[in-house]
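Open the model in a viewer and have residue selection ready. The stops below can be taken in order.

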Amino acid sequence: MTLALAWTSVEIQGVAADGSGPWTRAWVTGWLIGPAMSLLVLAVFGARVYLITRGQPTRSPTLIRTERIFLAVMLVLCGWPHLPWVADTFSLWALMLHVLAPVVAIAVVVSLPVILTNGWMDDGFNERGGAA
């Protein structure tokens, strides 16, 4: 997950800097936005996983929504320059390559809590992880 978020940070920097020269305000801001978003996602995700491993999983919709909003923003920022109506020359391969890391991060963030709780936090499952 850390590698996926690092990749995403580099992608976000490219979008945020928008071709600005090194050490300009836009360039530095671009390098700060990606890691800041990644650290926020890692902090929220880490806290959720920590609580799960201590037997106290959180069901806070606000916390989960915050995590997912930042992941969605990361996905959009990584894919935006490669969308058909934005890119000079659209390539499905380029789009898929640039959204791969955020998709991996999203998959880990969404699935690991379910795996760690054996499914008992999700609707439709009983406390032992079986179907309700």
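Predicted model: local features only at pLDDT ≥ 70, side-chain atom pairs only at ≥ 80, totals over all residues.

Residues are numbered from 1 along each chain as its sequence is written, and side-chain values use heavy atoms, with hydrogens and water left out.

**Nonpolar patch**

Select Trp7, Phe90, Leu92, Trp93, Met96 and Leu97, which make a nonpolar surface patch of about 660 Å². Patch residues have over 30% relative accessible area and no salt bridge, and nonpolar side chains are joined within 5 Å; a salt bridge is a side-chain nitrogen of Lys or Arg within 4 Å of a carboxyl oxygen of Asp or Glu. Areas follow the Shrake-Rupley method with a 1.4 Å probe.

Colour helix 4 (residues 92-116) next: this helix gives the most to the patch, with four residues. Helices are DSSP runs (H or I, at least four residues). Then go to Trp7, which sits in helix 1 (residues 2-17). Trp7 counts as partly exposed because its relative accessibility is 40% (buried is under 20%, exposed over 50%, partly exposed in between).

**Aromatic pairs**

How many aromatic pairs does a search of the whole structure find? The search finds three. Select Trp23 and Trp27, a tilted pair at 4.7 Å centre to centre with 55° between the planes. Rings pair if their centres lie within 6.5 Å; planes under 30 degrees apart count as stacked, over 60 as edge-to-face and the rest as tilted. Trp23 is exposed at 69%, whereas Trp27 is buried at 19%. Move on to Trp80 and Trp85, an edge-to-face pair at 6.5 Å and 80°.

Methods
Patch = residues over 30% accessible without salt bridge, like charges linked within 9 Å, V, L, I, M, F, W, Y side chains within 5 Å. Helix = DSSP H or I, 4+ residues; strand = E, 2+ residues; numbered from the N terminus. Buried < 20%, exposed > 50% of the residue type's maximum accessible area, 1.4 Å probe, protein only. Phe/Tyr/Trp six-rings, centres within 6.5 Å; stacked < 30°, edge-to-face > 60°.
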